[in-house]
Amino acid sequence: MEQNNDGSLALVRHVVLVLSGKGGVGKSTITTELALALRHVGKKVGILDVDLCGPSIPRMLSVGRPEVHQCDSGWVPVYTDAQKSLALMSIGFLMEDPDEAVVWRGPKKTALIGQFVSDVAWGELDVLLVDTPPGTSDEHLAVLESLKKHKVDGAVLVTTPQAVSTGDVRREITFCKKTGVRILGIVENMSGFVCPHCSECSNIFSKGGGEELAKLTGSVFLGSVPLDPLLSASLEEGKDFTTSFPDSATFGAISSISQSLLKSLESD
């Protein structure tokens, strides 16, 4: 099939940004969980990890630091399975030393991100999830500028239940409105703690901040995901929680969020 002006994203059906107003809310975790849940229902998924400060997704998917190859149409993504149903390209693959801090000035960062977004040979995908840096920085704008040449379906915003976190996401909502990015919905992460012994869910933080924020801003509330030690351990070890814990309430929550996201994308 001949490539059109969309270049490397020509055969990608949907592009979704995953945003958060601050670091530490589990944005990369939610990106990985959504990707695995979408693959679980038979979708071909890609993750573009452009979080320069913390490219953690390769570890969560247990791919290590493979050598990245190039083909005529750009960098070849790393596949996590033999069926090639989950593709990953991380900025971490291109760093000489992944343990070194990235101390680059803005122009160098934005140039790398621009090249990175446009030069990956994704092939055919149902959904490409873009894990962005936290906040509303130059890197954000660089990602958006590079993706504006292509169709971006919208953004999923990740928050935690506390008011301080939802305040940061409120700014992210303003950023989306100013830049013309559709908000596909809000996910509340760390919504309670699931006891690994009795499976009871207790609220460590306050509850319902994400849902309240969605109401206040007229956004869709996609759902909440609790802190689950079993799920966290599976990601730490690079295991697919969809096969390890298919009966858990946490898996049910993530599945429901991914189904709502698919409905929203396919109703366009």
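This is a predicted model: local features need pLDDT of at least 70, side-chain atom pairs count only at pLDDT 80 or more; totals for chains, interfaces and linings use all residues.
Student: Which residues does Leu17 touch?

Tutor: Skip residues up to four places away in sequence. Leu17 then touches Val130, Val143, Leu144, Leu147, Val152, Gly154, Ala155, Val156 and Val181.

Student: How many residues does the largest nonpolar core have?

Tutor: A nonpolar core is a set of buried Ala, Val, Leu, Ile, Met, Phe, Trp, Tyr and Cys residues joined through side-chain atoms within 4.5 Å. Buried means under 20% relative accessible area, exposed over 50%, and partly exposed in between (1.4 Å probe, protein chains only). Leu17 and Val130 are among those with the most contacts inside the largest core, which has 74 residues.

Student: Is Cys176 buried or exposed?

Tutor: Cys71 is partly exposed at 35% relative accessible area. Cys176 has 0% relative accessibility, so Cys176 counts as buried.

Student: Where is Ser62?

Tutor: Phi of Ser62 is near 55°, a positive value in a residue other than glycine. Helices (H or I, at least four residues) and strands (E, at least two) are DSSP runs, numbered from the N terminus. Ser62 sits in the loop between α2 (57–60) and β3 (70–71).

Note on methods:
Residues are numbered from 1 along each chain as its sequence is written. Side-chain values use heavy atoms; hydrogens and water are left out. Contact means heavy atoms within 4.5 Å.
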